[in-house]
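Please walk through this structure helix by helix, with the sequence at hand.

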Amino acid sequence: MPMFQPSRRGGVVGYEGGGDGHVLDLDTAVKDGVLGGVGGGVVGAGVEKLDLKKMIEELDLSEVPSVFICPISLEPMQDPVTLCTGQTYERSNILKWFSLGHFTCPTTMQELWDESITPNRTLYHLIYTWFSQKYLLMKKKSEDVQGRASELLETLKKVKGQARVQALKELQRVVAAHSTARKTVIDEGGVAVISSLLGPFTSHAVGSEVIGILVNLTLDSESKTNLMQPAKISLMVDILNEGCIETKINCTRLIEMLMEEKDFRSEVVSSHSLLVGLMRLVKDKRHSNGVLPGLKVLRTICLHKEVRALIVSLGAVPQLVELLPALDPDCLESALFILDALSTVQEGRLALKECSNTIPNMVRLLMRVSECCTQYALSILWSVCKLAPEECSSVAVDAGLAAKLLLVIQSGCNPVLKQRSAELLKLCSLNYSDTIFISKCKLTRTIQ
C-alpha cells in the first residue's frame with residue numbers, strides 16, 4: 001500500500017508510488033487527483049473552522065483514500081503522526097500501542113531506534129482538505145434538497161390534475177433519498193398537506209404517490225389518527241388491491257405503521273377487502289418481495305382476536321400451510337405465528353385439521369429452523385391432535401412426529417417446549433402398544 005514518508009526537508013511529505021518518491025505539497029496532491037480530491041485546490045480560510053472529527057462522523061464514507069487510514073484502527077486519521085520507520089498512525093492509537101509495552105512499528109514490526117513521534121502536518125492538511133470538500137458538497141446538496149422539498153410542498157397547495165401527480169412523484173423521490181427532505185416536510189407541516197390529498201374522490205394515481213411519501217416519514221400520533229379516517233383507509237385498501245407491487249408494499253407498510261398506534265381499533269382492519277388484498281400479496285409468486293410485508297401486517301392483525309375467524313373464513317389456513325415449504329426463515333416465522341394464532345379459534349383448528357399438509361409440514365419444521373418456529377409448530381400440532389386424537393395422532397406418528405419430539409426433549413431448548421413435547425408424545429402414544437409405538441419412532445431415519 002502506498003504510504004506517506006516523512007521528508008528530511010522541512011515537514012514536506014514524500015509519496016511513494018512505483019518509482020522514485022516525489023515531494024507533494026497540498027495544492028499539488030489535491031489538484032493532480034493523487035488522493036481523489038474534488039475540484040482541486042485548498043479550501044478557503046472559513047473552512048478551517050470546521051471540525052475534522054465532526055466531518056468524518058457526519059460523512060460516514062465507505063471509501064476513503066488508503067493513505068488517510070490508520071493501519072491500527074482502520075479509521076480515518078484526525079491527528080496523524082509519523083514514526084522513525086516512516087509509517088504514519090493516528091496519535092492516540094500508536095500511543096496506546098506503546099503503553100502496552102510494544103516498542104516496534106505495528107506495520108513493519110521493526111524495532112524503533114527512535115521513540116519520538118512527529119506530527120505529520122502535511123498529511124493532516126490533505127485529510128482535512130479532502131473531507132472539507134466532501135462535507136461542503138454534502139451541505140450544499142442538503143440545502144438544495146431542503147429548498148426543493150419546500151417548493152414542492154407549496155406547489156401541491158396550488159396545482160391539480162397531472163401537475164399534482166408530477167409534483168408528488170418528484171417529492172416521493174426526494175424524501176426517499178434524503179433525510180433532510182423528510183425533516184423539511186415534517187417541520188413545514190407537509191404531513192397534513194399531503195394527507196389531505198387522500199379522500200373518497202382521490203384518484204389512484206394521486207393516492208399511490210401520497211402513500212409512497214407517507215411511508216418514508218416519521219408520523220406522529222395526530223397524523224396517524226387523521227389517516228385512520230374510514231375514507232382514507234378505504235382508499236388505501238382499494239389501492240392495495242389494484243396497485244402495482246411497489247404500491248401494494250407501500251400500502252401494507254403504511255397500514256402497519258397505523259396499527260402501531262395505541263388507539264388503533266380492530267374494526268379498522270376487520271375488512272374483507274383488506275384481508276383479501278394481503279393474502280393476494282402473500283401468495284404472489286411473481287413478486288416475492290411482497291411476501292414478508294404482507295405476512296407482517298397479517299401477523300399484527302392476528303393480535304386482534306375478533307378478526308381471526310374472518311381470516312379463517314377467507315381460506316387463509318390452507319393457503320398459508322401450502323406456502324410453508326417455500327418460505328425463507330423470516331417469512332416462515334410470521335406465517336407460523338399467524339397459523340398458531342388462528343388455531344386458538346374453533347374455526348381455525350378445524351381448518352388446520354382438514355388441511356392434509358398441516359401435520360406433515362409442521363413435523364418437518366420441528367428442530368429445523370429456529371426454536372421460535374419449533375414452538376409455533378408444536379403449538380399447532382397440539383391444537384390439531386387434541387381436536388381429533390385418534391385420527392391426527394396416527395397421521396402425526398406416521399409422519400415421524402415421535403422421533404422429532406424425542407429430539408426436542410433431549411435438546412437444550414426451552415423447558416416449556418420440552419414439557420409440551422412430552423405431553424404431545426404421551427397423547428400420540430395412547431393409541432399404540434409400547435412395542436408398536438417405539439417401532440414407529442424411526443429415530444435413526446429422522447436424525448439422518
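The axes of α18 and helix α19 (residues 371-387) come within 9 Å of each other and cross at roughly 145°. Axes here are lines fitted to C-alpha atoms, for helices over the stretch in contact, and angles run from 0 to 180 degrees between N-to-C directions. Helices (H or I, at least four residues) and strands (E, at least two) are DSSP runs, numbered from the N terminus. The crossing of α18 and α19 is left-handed; that is, the near helix is turned anticlockwise from the far one by less than a right angle, whereas clockwise would be right-handed.

This is a predicted model, in which local features need pLDDT of at least 70, side-chain atom pairs count only at pLDDT 80 or more, and totals for chains, interfaces and linings use all residues. Residues are numbered from 1 along each chain as its sequence is written, and side-chain values use heavy atoms, with hydrogens and water left out.

Which residues make the contact between α18 and α19? From α18 come Thr 358, Ile 359, Met 362, Val 363 and Leu 365; from α19 come Thr 374, Ala 377, Ile 380, Leu 381 and Val 384. Contact means heavy atoms within 4.5 Å. By class, the α18 contact with α19 has eight nonpolar, two polar and no charged residues. Ala, Val, Leu, Ile, Met, Phe, Trp, Tyr, Cys and Pro count as nonpolar, Asp, Glu, Lys and Arg as charged, and the others, Gly among them, as polar.

Two of these residues lead on to Cys 392. Cys 392 sits in helix α20 (residues 389-398). Leaving out residues up to four places away in sequence, Cys 392 touches Lys 353, Ile 359, Val 384 and Cys 385. The C-alpha atoms of Cys 392 and Ile 359 are 7.9 Å apart, though 33 residues separate the two along the chain. With a relative accessible area of 4%, Cys 392 is buried. Buried means under 20% relative accessible area, exposed over 50%, partly exposed in between (1.4 Å probe, protein chains only).

Now take α15 (residues 316-323). Its buried residues are Ala 316, Val 317, Leu 320, Val 321 and Leu 323. They cover an arc of only 160° around the axis, which puts them on the same side of α15. The arc is that of the directions from the helix axis to the C-beta atoms. These buried residues pack against α12 (272-283), α13 (291-301), α14 (305-313), α16 (329-342), α17 (346-354) and α18 (358-365).

Helix α14 has a buried set too: Val 307, Arg 308, Ile 311 and Val 312. Seen down the axis, they fall within an arc of 145°, so they line one face of α14. Glu 306 and Ser 313 are exposed on the other side. The buried residues of α14 pack against α12, α13, α15, α16 and α17. After α14 comes Gly 315, with a positive phi near 80°.

Last, the rings. The structure holds four aromatic pairs. Rings of Phe, Tyr and Trp (its six-membered ring) pair if their centres lie within 6.5 Å; planes under 30 degrees apart count as stacked, over 60 as edge-to-face and the rest as tilted. Phe 68 and Trp 130 pair edge-to-face, at 5.8 Å centre to centre with 70° between the planes. Phe 68 lies in the loop between α2 (52-59) and β4 (80-82) and Trp 130 in helix α4 (residues 121-156), so the pair ties together parts 62 residues apart in sequence. Both Phe 68 and Trp 130 are buried.
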